[in-house]
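Dear colleague,

Please find below the structure that I am handing over to you. My notes on its aromatic rings follow it.

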Amino acid sequence: MATPQRSYSSNAPGTFFVDDTCIDCDLCRQIAPTVYSEESDHSIVFHQPQDETETRRAAMALVACPTGSIGTHRKVDIQSAARAYPELVEDNVYFCGYASPNSYGAASYLIVRPEGNVLVDSPRFAKTLVQQIEKLGGVSTLFLTHQDDVADHEQFHKHFGCKRIIHRADSRAVDAEQLLDGEAAIPLEHDLLAIPVPGHTRGHVVLLDRNKYLFTGDHLAWSERRGSLIAFRNVSWYSWPEQTRSMRKLLDYRFEWVLPGHGRRAHLPAEQMREKLKDCVDWMSS
Ligand code: SF4
């Protein structure tokens, strides 16, 4: 729980505050950009919510924060914000909120499908989120993009009895039910394609759903500042040249959404997305 005594003095005066336990994961700034902003290596409240909508977004950020670094000086309706996740992105794709400190605040997603729901990377195993996921049909598959974002996979597996999928090269910490091998794309059930993209880690895999949604873990994200697709060279733990090669491989696929673990989402027509991806490959190769 955030404590007022540890709150940053640069928070705007008012109800919400951020304290010094913030790990700068960026989630609150994505969820409530009119309330939270970045200051050196952490977030602050730069503008207090002025209406119901802003208050709700600020509270949703509080719920999603992996480290409990957001607090309030007076009572706010957190319960309804807690039930707002999973939050619809588009069609049947949801953002789970409830980030885990064990995955450094990575975003996770739920694909709701008649054949069985797919959870992409693990959120925090929080009671309210689990109940909301149950209402959406539970989880039959937990797809783990790589070893860093597995968080509470064991609890989700035990609770929902879901199958966990991860690449063998990243499977040391996960007793997964299905291991992926090699670098060739692997068709999973019903329009889902697992594409190995070594680079950030050796066994990183992205998930392509219906040639529209690309769940990219820590391989690829959008930068609002640059207006471009980016990869994070400073955390390319396995190999930057390999990650560049993996990025080039994605030019063979069509998608409209980039849904990352860290970094911002992108939504563009497929042709424009491909151009942005080409730019990204050129930038990585330079
Ligand atoms: S969500 Fe929490 S940890 Fe992440 S930037 Fe905001 S306050 Fe910091």
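Y85, F95, Y98, Y109 and F215 form one aromatic cluster in this predicted model. Over the whole structure, the search returned eight aromatic pairs.

Y85 belongs to the loop between helix 3 (78-82) and strand 5 (87-90), whereas F95 is in strand 6 (residues 93-95); the two are ten residues apart. Y85 is buried because its relative accessible area is 0%, under the 20% cut-off. F95 likewise counts as buried, at 3% relative accessibility.

The other pair is that of Y109 and F215. Their ring centres are 5.6 Å apart and their planes stand at 55 degrees, so this pair is classed as tilted. Since Y109 lies in strand 7 (residues 109-111) and F215 in strand 15 (residues 213-217), the pair ties together parts that are 106 residues apart in sequence. Y109 is buried, at a relative accessible area of 3%, and F215 is buried at 1%.

I also note two arginine contacts with rings. The charged end of R265 sits over the ring of F95, at 5.0 Å from its centre; F95 is also a member of the cluster described above.

Yours sincerely

Conventions: Residues are numbered from 1 along each chain as its sequence is written. This is a predicted model: local features need pLDDT of at least 70, side-chain atom pairs count only at pLDDT 80 or more; totals for chains, interfaces and linings use all residues. Side-chain values use heavy atoms; hydrogens and water are left out. Rings of Phe, Tyr and Trp (its six-membered ring) pair if their centres lie within 6.5 Å; planes under 30 degrees apart count as stacked, over 60 as edge-to-face and the rest as tilted. Helices (H or I, at least four residues) and strands (E, at least two) are DSSP runs, numbered from the N terminus. Buried means under 20% relative accessible area, exposed over 50%, partly exposed in between (1.4 Å probe, protein chains only). A charge sits over a ring if NZ of Lys or CZ of Arg is within 6 Å of the ring centre and within 35 degrees of the ring normal.
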